[in-house]
Amino acid sequence: MKPVIRKASLHVNQNEGLIFEKSSEGKAAWKLPPLDVPEVDPSSLLGSAERKSLGNMPEVSEIEIIRHFTRLSTWNYAIDLGMYPLGSCTMKYNPRVNEAVARVEGIANGHPYQPEEISQGALQILKTLSECLIEITGMDSITLQPAAGAHGEMTGLLMVRAYHHAQGRPRKKVLIPDSAHGTNPATAAMVDYAVENLKSDSRGMVDIGALEAQMSEDVAALMLTNPNTLGIFEQQIHKIADILHAKGGLLYMDGANMNALVGKVRPGDFGVDVMHLNLHKTFSTPHGGGGPGSGPVAIKKKLEPFLPKPVLTAKADGTLGFNYDRPQSVGRVRAFYGNFGMFVRALAYIQANGPDGLRQTTEDAVLNANYIRKGLEGAYDLPYSTPTMHEVVFSDKLQAKKGVRTMDIAKRLIDYGFHPYTTAFPLIVPGALMIEPTESESKEEMDLFIEAMKSIAEEVEENPQTVLDAPHSTRVSRLDETAAARKPVLRWKPAS
Amino acid sequence: MRYLPKSPADRQAMLKAVGIGSVDDLFAPIPAEYRLSRDLHIPRQMAESEIVDYFRQRSRENGEGYTSFLGAGVYSHYRPVIIDSLISRGEFLTAYTPYQAEISQGTLQSIFEFQTMICELTGMEVANASMYDGSTAAAEAVMMAVRLTGRRSVLVARSLHPEYREVLATYATHQGMPLSVAGFVENGRLNLAELEKSITPQTACVLIQSPNFFGTIEDVAAVAGIAHKNGAMLVVSIAEAVSLGIVEPPREADVIAMEAQSFGVPQGFGGPHCGVIATREKYVRQMPGRLAGQTVDKQGRRGFVLTLATREQHIRREKATSNICTNQALVALMVNIFMTVYGKVGLKELAKQNLAKAAYAAGQLAKHGKLLFSGAPRFNEFVLQTSEDPQEINRRLLRHKIIGGLPLKKFYPELGNAALWCCTELTTRAAIDEAVKLVGKTGASEVKEEKPKAGAEVAVEVVR
């Protein structure tokens, strides 16, 4: 069989070395205006603190820089090129109006310490976004300060700790399902909680019996992702919340998968006490090759005294300001007020959607995942038959018989013009293929994806080596990660 | 909805393929009592033109058109146009973390170059791909020192950015890391005698900032000498990255925690900015955050991958060096492009202009007050003590669309009527001269002027 690759074809791309390899003395991409104050002699001002040399910093011209980074950019896959079905990452369209409004002068260049009376625009953005997110989550209050999801988790758990401390009963551990993201246990450790694993039942949900057995007055919280990383909504959520609350524990929700819920169901309504959102997932701010993110934490009223400071407040004269007088606050989790530029983008996204658009977005995201599930059932093993929300998890069980694993299938998918799905996660599914299309994919794009995945499944049967050697169409083939880690080369050095 | 690429017919066809009658069936697993049967109470769907209008209005209410003398951890430097041209390319903007190396070589190579330039500028041997910001980078650098030394207490300079100190206190609370603070002396530098006295065999590290919060350049070698003599590590925070163009980097440090916002990143009302940690090669396995490394593919061609992932949360879970996952990648790319544009010569010239502007402003403002900490070198910030309350002075300046130096009473009551002023290459002599004139006019002699009108009221309200 010859595979039919309809979405992608090869095209020439430019080679490009490291910028240091293009540098030579006397080239420049900068020009400063003439100095309008008297020149100074750095050595007399700085003495021995004066720096003499900037080592191997490059010297290149502007056109070289443009070509350098443009060439590098063409070696990347991106949402703008096609479907990016990374499970739990929510690779949706990043609207360009978000970028435009984030660059408006007074918004891009505001200084965090400028007087509040001339910061009302920024404060109004914080307020409006906060109100929207509180309504969307069904919670009572929010902090926008955390810089990313994991940072939000830390902030949330700090508040959990402060809450229990105020109750006079500090607790020792946090329960985390075996399907959770790695950030959950890593965060618990940073807040000095012992991590206790909670197993899933045969349907891929929290094992209620196990939870009842493990729940005690030593448990501070359960960190639950809902829908979980299998894309399954925890149908016993009310029971889970009740079990925790009965023993004084709190329900923490990892909002990584909030794209399955917005406008359809609110975590605050089903018993969640504290949760973080990822504005770079659910609310369309760009992933940018790994950041910046933003991880607001929404909470129920009982946690309100513990919010990081400062908190936004309306003053007597009707203007907005920051309140630092928060004696029970967990403190600051970062300097200033958070990744403000991401707030601007998230608010623009909410405005572009409105209530009807957000609901339709969620419905489309869930419909897309189910369409893919239906399309690939049979070709790939589906370890859990429980209904799927916004993402679906298959396993490589059928392909493994031919020695082909999830990572191989993922690499072959690249040749078909797609970014791979998330591989080998969640950990409870051996050889997982975790697929989240988001709402941003058209039926045509998904049909091509399903066709590609089926074609790969056939290749595995007929010519597994093609899949094992993939990708075949990229600038570089599979890279030697073992060598990279054994003898790390983490920076360029001039040839000596 | 204009972001959704499906026609009603597409949706019908898909529902049919899935084998259900209505999209609501897909939400049936959610207990009915939790399903929302009403619209969210958020602003209605807006046209793109309305969204742009909304943010332009907010911009006008947000210090647009003011001249500022604020620094204090966030600096106004010129941002070359090509930064936004390049980072706006969808291949950078809309890519994920480069885990799939074969189709992420652009991001990976740029991180590798970023790491290299950060090493060149800081004098360190390895740098990571970024941290959230300077404050969290400092806290994580301290935790790194705690792991490396097996000691737990931390000595922090009072001249470290006050908000960085607050963040460190938050991180330290549940790590069993006792913090103590060392003050500063007459010239603004760390009090070495106090350091000598407070450092103990339990001290994991000394954390200072240089240039420190007052703009004063610390005697890093002296601090390092005391720290190392006592078996402690030295962590140096750098908040004003442009200083590295003309100020000798803290080479004696064991870990450097940097905020690179000055390198081409908008002030953005405090974020997103770009933290970085740099250190010695021998400490790399305790460093948090992502790292790009060079390797080869099956054909022996050079390529880059994320490496040493066994330090990270997705592999090590609760035993990871940090919980950090998402970092500040796109902002690090801005920084990378900025460093490439200015390069070896430009960065030095840029830093020299900053030095000259601040020296001129300090000299002029000294006519109306006392320059504190003049006994030690400084970069582009300085502290002016006045007889008049700086809040009053600033109110006067604000009426002329000038934002004066940051009043320090909130953070350093012991300094009295003091304010932290900053000048960069963008501060014009004319602006400095006008500010100086206004600072000199005491409240009594100032003719009261009308306050500028507040911006138009908010057009969109949240319906509750």
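## A buried alanine in chain B

With a relative accessibility of 1%, B:A72 counts as buried, a term that here means under 20% relative accessible area, while exposed means over 50% and partly exposed lies in between, using a 1.4 Å probe and protein chains only. The model is predicted, and local features need pLDDT of at least 70, side-chain atom pairs count only at pLDDT 80 or more, and totals for chains, interfaces and linings use all residues. Residues are numbered from 1 along each chain as its sequence is written, chains are lettered from A and ligands numbered from 1 in the order in which they are written, and side-chain values use heavy atoms, with hydrogens and water left out.

B:A72 is found in the loop between β1 and α3 (81-87) of chain B, where helices (H or I, at least four residues) and strands (E, at least two) are DSSP runs numbered from the N terminus. Although B:A72 is not a glycine, its phi is positive, at about 55°.

## An open sheet in chain B

Strands of a sheet pair through backbone hydrogen bonds, either parallel or antiparallel. In chain B, four strands form an open sheet in the order β11-β12-β15-β14, and the pairing is antiparallel; its edge strands, each of which pairs on one side only, are β11 (370-371) and β14 (406-407). Two strands are taken to pair if DSSP finds at least two bridges between them, and β11(B) and β12(B), the latter covering residues 381-385, are joined in the antiparallel sense over two bridges. Within this pair, B:L371 stands opposite B:L384 of β12(B).

The loop between β11 and β12 of chain B holds B:F373, which has a positive phi of about 60° although it is not a glycine, and which counts as buried at 8% relative accessibility. Helix α11 (residues 329-365) of chain B lies across β11, β12 and β15 (418-422), running at about 5° to β12(B); axes are lines fitted to C-alpha atoms, for helices over the stretch in contact, and angles run from 0 to 180 degrees between N-to-C directions.

## Helix α13 of chain B

Helix α13 of chain B has 12 residues (429-440), which at 1.5 Å a residue should span 16 Å, in agreement with the 16 Å between its end C-alpha atoms; the expected span is 1.5 Å times one less than the number of residues. Its buried residues are B:A431, B:I432, B:A435, B:V436, B:L438 and B:V439. Seen down the axis of α13(B), these residues fall within an arc of 165°, so they line one face of the helix, the arc being that of the directions from the helix axis to the C-beta atoms.

The face of α13(B) turned away from the buried side carries the exposed residues B:A430 and B:K437. The cover over the buried residues of α13(B) includes β1 (67-68), α11, α12 (390-398), β13 (402-403) and β15 of chain B, with contact meaning heavy atoms within 4.5 Å.

## Two cis peptide bonds

The peptide bond from B:S210 to B:P211 is cis, with omega near -10°, and B:P211 lies in the loop between β5 (203-209) and α9 (220-229) of chain B. Another cis peptide bond joins B:G271 and B:P272, with omega about 0°; B:P272 lies in the loop between β7 (255-259) and β8 (275-279) of chain B.

## A buried glycine in chain A

In chain A, A:G249 sits in the loop between α9 (237-246) and β5 (250-254) and is buried, with a relative accessible area of 2%. Leaving aside neighbours within four places in sequence, A:G249 is in contact with residues including A:H164, A:M215 and A:D273.
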